[in-house]
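The sequence and the structure are shown first.

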Amino acid sequence: VQLQASGGGMVQTGGSLRLSCVASGRIVGINAMGWYLQAPGNQRELVASISDSGIIRFGDSVKGRLTISIDNARKTVYLQMNNLNPEDTAVYYCNAEIRTNWGRDFRDFWGQGTLVTVSS
């Protein structure tokens with residue numbers, strides 16, 4: 001299983017970014033997909049996640065300034081972030097709860113991370 005994230009980069013304060021993450025490989029089911037961020041010196045924390053049925057969980061970071069959506073057929077999760085500020089600068093990691101074989105539990109998989117830098 002691979003999670004390929006894209007869409008990171010540098011923006012100015014007040015700007016927007018859209019992150020995408022597509023899952024590929026031996027996948028028989030996806031329970032949820034989402035995004036975490038890790039700023040320098042800090043632990044990884046939840047940004048938002050969305051289940052295959054559309055249930056959304058938000059973390060405290062970027063809250064109120066983002067939209068998360070999932071395309072189950074394309075095994076892709078999107079994160080639209082608006083009104084970004086320098087405190088949002090971090091590496092953003094894609095996460096997915098994936099079942100790789102029938103009869104097995106869902107497991108966590110992680111993407112390689114994409115850097116988001118917000119300049120003042």
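Two residues are in contact when heavy atoms of each lie within 4.5 Å. The model is predicted, so to speak by origin, and local features need pLDDT of at least 70, side-chain atom pairs count only at pLDDT 80 or more, and totals for chains, interfaces and linings use all residues. Residues are numbered from 1 along each chain as its sequence is written, and side-chain values use heavy atoms, with hydrogens and water left out.

**Met81 and the nonpolar core**

Leaving out residues up to four places away in sequence, Met81 touches Gly15, Ser16, Leu17, Leu19, Val62, Arg65, Leu66, Tyr92 and Val116. Met81 is also among the residues with the most contacts inside the largest nonpolar core, together with Leu3, Met33, Trp35 and Tyr92; this core has 32 residues. A nonpolar core is a set of buried Ala, Val, Leu, Ile, Met, Phe, Trp, Tyr and Cys residues joined through side-chain atoms within 4.5 Å. Buried means under 20% relative accessible area, exposed over 50%, and partly exposed in between, with a 1.4 Å probe and protein chains only. At least two core residues come from each of β1, β3, β4, β5 (45-51), β7, β8, β9 (90-99) and β11 (114-119). Strand β9 gives the most, with five residues. Strands are DSSP runs (E, at least two residues), numbered from the N terminus.

**The four-stranded sheet**

An open sheet is formed by four strands in the order β1-β3-β8-β7, with antiparallel pairing. Two strands pair if DSSP finds at least two bridges between them. The edge strands, β1 (2-6) and β7 (66-71), each pair on one side only. On average, neighbouring strands of this sheet are turned by 15 degrees against each other, direction ignored; the axes are lines fitted to C-alpha atoms, and angles run from 0 to 180 degrees between N-to-C directions.

Five bridges join β1 and β3 in the antiparallel sense, and Leu3 has Ala23 in β3 as its bridge partner. Six bridges join β3 (residues 17-24) and β8 (residues 76-81), again antiparallel; here Leu19 stands opposite Leu79 in β8. In a regular strand the side chains alternate between the two faces of the sheet. In β1, Leu3 and Ala5 make up the covered face, whereas Gln2, Gln4 and Ser6 make up the uncovered one.

**Two loop residues**

Gly15 lies in the loop between β2 (9-12) and β3. Apart from residues up to four places away in sequence, Gly15 touches Met81, Asn82, Asn83 and Leu84. Gly15 and Ser119 are 104 residues apart in sequence, with their C-alpha atoms 9.6 Å apart.

Asp88 lies in the loop between β8 and β9 and is buried, at a relative accessible area of 5%. Beyond its neighbours within four places in sequence, Asp88 is in contact with Val62, Arg65, Asn83, Val116 and Val118.

**Aromatic rings and charges**

Tyr36 and Trp110 form an edge-to-face aromatic pair, 5.0 Å centre to centre with 65 degrees between the planes. Rings of Phe, Tyr and Trp (its six-membered ring) pair if their centres lie within 6.5 Å; planes under 30 degrees apart count as stacked, over 60 as edge-to-face and the rest as tilted. Tyr36 lies in β4 (residues 29-38) and Trp110 in β10 (residues 107-110), so the pair ties together parts 74 residues apart in sequence. Tyr36 is buried at 18% relative accessibility, while Trp110 is partly exposed at 38%.

A charge sits over a ring if NZ of Lys or CZ of Arg is within 6 Å of the ring centre and within 35 degrees of the ring normal.

| Charged end | Ring | Distance from ring centre |
|---|---|---|
| Arg44 | Trp110 | 4.7 Å |
| Arg99 | Phe106 | 4.3 Å |
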